[in-house]
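Look at the chain below and follow the text with the structure open beside it.

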Amino acid sequence: EKREDAVAPNLLGALLVTTVVSGVLGAAVVSSSAWGDAPPSGPSADAAFRALLVAAFVTLCNVWILSGLLSGVKAYRNVVFVFATGYALTVGLAPVFGRVGLAGYVAAFFVGHAVMLFSMLVLVLRRYPSDRLVAFEFLDRKKIHPGLAVTGVLLNAAVWVDKFVFWMNPVTSEPLVGPIRHSVVYDVPIFVAYLSVIPGMSVFFVRIETDFAERYERYYAAVRQGDTLDELHRLRLELAEAARSGIDDIFRIQGLTVAVLLLVGEQVLALFRIPAFYAYLFNVDVAGVGFQVLLLATLTILFYLDCRKLALHLAALFTGANLVLSLVSQQLGPRFYGFGFLVAAAFTSLVSMAVLSRKLRRLDYETFMT
């Protein structure tokens, strides 16, 4: 709609709603009976820990909202600097604050993400100035797309459902604090494996958010301006080639990363002081994460093309497959841990690429006929 002056007030309205909702939910959880009595460090330390946990949760939710607007800022160096500074503070302050106990570690997490939050807010507000402070147009029923909300829930559920399967099983998990559980056998290797997405995601942002986005704008500008059919065919081919080249680059870079990590997995785990017996599950997780990067790339292109129903169906497929196959892997035994996530990610990414290929071939027809 080219109403850039509406971005900032609606962003602040969304942050206000998010703060209230996440704050109430967080407070309800940490004050519930599931947390039990105060730890040996005393009631005051326990209260500080709970308060900081809620604050960190609220901050993280708001960072999530702001992250969705950063691609519109186009200040890539500033965005990188903001994330680097925030995470450096989190990691750097953790051993310092951690001397006072668990609350100190949460405080380090909170400080780092609070710096990120306000830095990101400055970037967005400078890019989208407005003479209004707060607006709630985003809550207008006509501007809400329930399908997108469901897709977002399913995509996040798909990424986390295998972790919950292992957390909820008493054989593969143990209590951490309050109702929070963790899986010693599953959490550590998959956390390190997720660090392998950095090369693929870097290529993803460079190729999809720049090269593909430029071709996308040219094609639909030609559609709106009534260019010739030959010109539309040419621009569609350029758009399809940009999509294929981007995914091809992601496949090659992420594939190379996976291959290297499969060869040096034990050495990588040793850097994190993780026992070598995690190497087998680490290798499985690295392959699964690689397929997940491909899936995210194809879904992003489908969102550009406004294929919301397809994206919803693919998110549901990934969620269901990851849930069912992760449960099956637990029944098969430790040797099969992680294969549920790997097979689900691989299958869904292959299906998504086949669907995207068909969409790009039929783009001229569907642009004018749907």
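The protein chain has a mean pLDDT of 88, and 97% of its residues reach 70 or more; pLDDT is the predictor's confidence in each residue, on a scale from 0 to 100. Helices (H or I, at least four residues) and strands (E, at least two) are DSSP runs, numbered from the N terminus. This is a predicted model, in which local features need pLDDT of at least 70 and side-chain atom pairs count only at pLDDT 80 or more, while totals for chains, interfaces and linings use all residues. Residues are numbered from 1 along each chain as its sequence is written, and side-chain values use heavy atoms, with hydrogens and water left out.

Start with the interior. A nonpolar core is a set of buried Ala, Val, Leu, Ile, Met, Phe, Trp, Tyr and Cys residues joined through side-chain atoms within 4.5 Å. Buried means under 20% relative accessible area, exposed means over 50%, and partly exposed is in between (1.4 Å probe, protein chains only). The largest nonpolar core has 59 residues, and F212, I250, F282, I301 and L305 have the most contacts inside it. At least two residues of this core come from each of α6 (146-168), α7 (184-194), α8 (197-225), α9 (229-271), α10 (279-304), α11 (308-332) and α12 (339-361). Another core lies apart from it and has 16 residues, among them L66, A75, L123 and V124.

Which residues does F282 contact, leaving aside its neighbours within four places in sequence? They are P189, V192, A193, L261, G265, V268 and L269. Contact here means heavy atoms within 4.5 Å.

On a 1 Å grid over the protein atoms alone, a cavity is a set of points where a 1.4 Å probe fits but cannot get out, and lining residues have an atom within 4 Å of a point. Grid points are joined across faces, edges and corners, and a volume is the space filled by probe spheres set on the points. The structure holds 1 cavity of 30 Å³ or more, and about 40 Å³ of space lies in the largest cavity. The lining of the largest cavity consists of L155, V159, Q292, L295, L296, L299 and F318. Two or more lining residues come from each of α6 and α10, and α10 gives the most, with 4 residues. By class, the lining has 6 nonpolar residues, 1 polar and no charged ones. In this count Ala, Val, Leu, Ile, Met, Phe, Trp, Tyr, Cys and Pro are nonpolar, Asp, Glu, Lys and Arg are charged, and the others, Gly among them, are polar.

Now turn to single residues. T257 is in helix α9. Is T257 buried or exposed? T257 counts as buried because its relative accessibility is 16%. Not counting residues up to four places away in sequence, T257 touches S196 and P199.

Strand β1 (residues 174-177) contains V177. This residue counts as partly exposed because its relative accessibility is 21%. V177 and W35 are 142 residues apart along the chain, yet their C-alpha atoms are separated by 7.2 Å. With neighbours within four places in sequence left aside, V177 is in contact with W35 and F49.

N78 lies in helix α4 (residues 76-97) and is partly exposed, with a relative accessible area of 38%.

The remaining stops are in loops. F272 is in the loop between α9 and α10, and its relative accessible area of 41% makes it partly exposed. Residues up to four places away in sequence aside, F272 touches V192 and L195.

The loop between α10 and α11 holds D306. Phi of D306 is near 65°, a positive value in a residue other than glycine. D306 counts as partly exposed, at 48% relative accessibility.

F336 is in the loop between α11 and α12 and is partly exposed, with a relative accessible area of 37%. F336 and K74 are 262 residues apart along the chain, and their C-alpha atoms are separated by 43 Å.

Notes: On a 1 Å grid over the protein atoms alone, a cavity is a set of points where a 1.4 Å probe fits but cannot get out, and a pocket is an open set with protein on both sides within 12 Å along at least five of seven lines; lining residues have an atom within 4 Å of a point.
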